[in-house]
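This report goes through the structure shown below, one topic at a time. Please keep the sequence and the coordinates at hand while reading.

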2 protein chains.
Amino acid sequence: MEPPAPSTDMPQDPPAPRRRPGGRTARVRALVHGAVREQLVAEGYDGLTVDAVAARSGVHRTTVYRRWRDVGGLLADVLDSAADDGWAPPDTGSLEGDLTALNEEVAAGLTEDPPIAMALIAASFRSPEAAEALRRFWDDRYRRCAPVVERAAARGELPGAATDDRALLVAATAPVYHRLALLRAPADPALPATAARTAALAAGAGAFAVPG
Amino acid sequence: MEPPAPSTDMPQDPPAPRRRPGGRTARVRALVHGAVREQLVAEGYDGLTVDAVAARSGVHRTTVYRRWRDVGGLLADVLDSAADDGWAPPDTGSLEGDLTALNEEVAAGLTEDPPIAMALIAASFRSPEAAEALRRFWDDRYRRCAPVVERAAARGELPGAATDDRALLVAATAPVYHRLALLRAPADPALPATAARTAALAAGAGAFAVPG
DNA sequence: ATCCTAATGCAACTGTTGTCGCATTTATGG
DNA sequence: CCATAAATGCGACAACAGTTGCATTAGGAT
């Protein structure tokens with residue numbers, strides 16, 4: 001009952017057309033990326049429509065719809081292309097200091113103008129692609145922050161054998177996200193430090209220790 | 001330079017037409033509210049459009065657009081009308097227990113089906129009215145939670161003269177919101193308890209004490 | 001050079017969103 | 001009961017989002 005073995009290629013499925021990411025395709029992508037950023041700066045998130053991006057980039061509407069599907073896809077692609085910067089967490093010499101500096105970066109990102117981060121969060125509620133890209137972004141960021149916890153452990157700031165670094169980082173940053181992204185309350189200059197102090201204090205008391 | 005005092009009414013602006021919230025208006029409002037809920041149950045948030053709600057309620061499209069403006073306005077009105085339930089925070093006998101129970105309610109609300117809470121959060125990024133309604137809702141909830149902190153203080157669980165109850169409550173609940181509403185990660189059954197324990201621990205160490 | 005076809009351009013089309021002017025209904029005050 | 005106008009119903013419309021079929025351009029392999 002075996003189908004005859006094909007001579008050179010998979011027979012049943014369309015044989016995966018050879019991609020062609022050369023000159024023009026890359027140029028179009030760069031044009032669209034630039035247009036997304038410019039459009040965000042010029043008109044804000046409400047003005048970020050596929051049509052506006054296409055018009056600004058000079059690329060045809062249909063092409064943008066075909067390659068990026070919707071605004072969420074556009075933002076996801078821009079975010080992915082910007083994710084491989086050499087970002088590293090701050091290193092101030094103490095856990096609380098590191099977390100405070102980290103929280104200040106988070107607060108700055110959430111309140112910057114144009115509101116790229118807020119635009120992406122908003123888009124993540126409408127586009128699965130944007131939600132996935134945002135999840136990847138945060139996962140990458142939290143992974144890069146692991147050294148903050150490792151350094152604290154090496155300094156003896158953390159009790160127990162091991163610490164759940166992700167839980168600690170989420171506990172430290174979550175209040176900032178909650179206030180700015182969900183409650184939409186005005187930025188509190190003291191919040192980054194107090195949230196960091198709270199998390200560092202709890203971590204010092206073993207709140208994030210793992211049994212292993 | 002004082003303008004002459006009007007005899008009976010404000011002269012310059014259109015004299016605030018007498019509202020007429022009587023029979024039909026109230027009936028229409030009830031019909032639309034019911035339709036919003038039914039539509040959410042039937043089609044989820046993606047299917048919650050003004051047209052769908054209008055069709056389901058039997059009220060004309062134009063009327064819904066005029067009175068509620070958009071989906072955010074619909075959800076905001078439904079939320080406001082449901083906000084005066086007699087909700088009270090849990091009372092388990094300890095700060096950590098209260099916060100754990102509270103966090104479990106938050107987690108249940110964010111993961112319930114139909115996803116009313118998530119729909120409102122999503123809408124709050126597109127509609128100022130929904131954002132304002134959500135802010136009012138959370139403000140009300142946090143205000144009602146003040147007794148949780150007061151009881152803990154009365155039991156001697158909190159050091160210092162006074163505690164910033166809002167900051168404590170935000171610190172306790174923020175990780176749950178962050179994971180479920182922003183990171184969109186699967187629900188972690190242990191998170192409500194660990195976040196509550198973390199916050200209670202930090203509170204016991206004086207992290208939320210206010211100088212006054 | 002030349003062939004193949006992926007990628008793009010183009011125009012027309014459908015369906016949805018939101019608005020506007022006007023007719024009709026019906027609270028509400030007298 | 002009557003008069004007024006707020007609230008709603010109704011249809012047409014403009015603007016936008018997104019799709020489809022086909023023509024054209026240009027990357028990449030031979």
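## Arg141 of chain A

Does Arg141(A) count as buried or exposed? The structure is a predicted model, and in it Arg141(A) has 15% relative accessibility, which is under the 20% limit, so Arg141(A) counts as buried.

Arg141(A) belongs to helix H7 of chain A, which covers residues 128–144. Once neighbours within four places in sequence are set aside, the contacts of Arg141(A) are with Ala83(A), Asp85(A) and Trp87(A).

## Overall content of chain A

Chain A has ten helices and two strands. Read from the N terminus, the order of its elements is α-α-α-α-α-α-α-α-β-α-α-β.

Of the 212 residues in chain A, 43% are buried. Among the contacts of chain A with a separation of 6 or more, 67% come from residues 24 or more positions apart.

## Helix H10 of chain A

Helix H10 of chain A takes in residues 191–204, a run of 14 residues. Its first and last C-alpha atoms are 20 Å apart, close to the 20 Å expected at 1.5 Å a residue. Just after H10(A) comes Gly206(A), with a positive phi of about 90°.

Which residues of H10(A) are buried? They are Leu191(A), Pro192(A), Ala195(A), Ala196(A), Thr198(A), Ala199(A), Ala200(A), Ala202(A) and Ala203(A). An α-helix has 3.6 residues a turn, so residues three or four places apart point the same way. Within chain A, the buried residues of H10(A) pack against helix H5 (95–111) and helix H9 (165–182). They also pack against helix H10 (191–204) of chain B.

How many aromatic pairs does a search of the whole structure find? Over all chains there are three. One of them joins Trp138(A) and Tyr177(A): the ring centres are 5.3 Å apart and the planes meet at 85°. An angle over 60 degrees counts as edge-to-face, so this pair is edge-to-face. Trp138(A) sits in helix H7 of chain A and Tyr177(A) in helix H9 of chain A, so the pair ties together parts 39 residues apart in sequence. Trp138(A) and Tyr177(A) are both buried.

In chain B, the rings of Trp138(B) and Tyr177(B) have centres 5.3 Å apart and planes at 85°, so this pair is edge-to-face too. Trp138(B) is in helix H7 (residues 128–144) of chain B, and Tyr177(B) is in helix H9 (residues 165–182) of chain B. The pair links distant parts of the chain, 39 residues apart. Both Trp138(B) and Tyr177(B) are buried.

## The cavity

Rolling a probe the size of a water molecule over the atoms shows where empty space is left. The structure has one cavity of 30 Å³ or more. The largest cavity holds about 40 Å³ of space.

Which residues line the largest cavity? From chain A they are Ala131(A), Leu134(A), Arg135(A) and Trp138(A), and from chain B they are Leu182(B), Leu183(B) and Arg184(B). H7(A) gives the most to this lining, with four residues. By class, the lining has five nonpolar, no polar and two charged residues. Trp138(A), a lining residue, is also a member of the edge-to-face pair with Tyr177(A).

## Backbone features

The peptide bond between Asp113(A) and Pro114(A) is cis, with omega about 5°. Pro114(A) is in the loop between H5 and helix H6 (116–124) of chain A. In chain B, a cis peptide bond runs from Asp113(B) to Pro114(B), with omega near 5°. Pro114(B) is in the loop between helix H5 (95–111) and helix H6 (116–124) of chain B.

Arg69(B) is not a glycine, yet its phi is positive, at about 70°. The residue is in the loop between helix H3 (61–68) and helix H4 (71–82) of chain B. With a relative accessible area of 58%, Arg69(B) is exposed. Arg184(B), which also lines the largest cavity, has a positive phi of about 55° although it is not a glycine. Arg184(B) is in the loop between H9 and H10 of chain B, and at 25% relative accessibility Arg184(B) counts as partly exposed.

Definitions and conventions. Residues are numbered from 1 along each chain as its sequence is written. Chains are lettered from A and ligands numbered from 1 in the order in which they are written. This is a predicted model: local features need pLDDT of at least 70, side-chain atom pairs count only at pLDDT 80 or more; totals for chains, interfaces and linings use all residues. Side-chain values use heavy atoms; hydrogens and water are left out. The expected span of a helix is 1.5 Å times one less than its number of residues. Buried means under 20% relative accessible area, exposed over 50%, partly exposed in between (1.4 Å probe, protein chains only). Contact means heavy atoms within 4.5 Å. On a 1 Å grid over the protein atoms alone, a cavity is a set of points where a 1.4 Å probe fits but cannot get out, and a pocket is an open set with protein on both sides within 12 Å along at least five of seven lines; lining residues have an atom within 4 Å of a point. Grid points are joined across faces, edges and corners, and a volume is the space filled by probe spheres set on the points. Ala, Val, Leu, Ile, Met, Phe, Trp, Tyr, Cys and Pro count as nonpolar, Asp, Glu, Lys and Arg as charged, and the others, Gly among them, as polar. Rings of Phe, Tyr and Trp (its six-membered ring) pair if their centres lie within 6.5 Å; planes under 30 degrees apart count as stacked, over 60 as edge-to-face and the rest as tilted.
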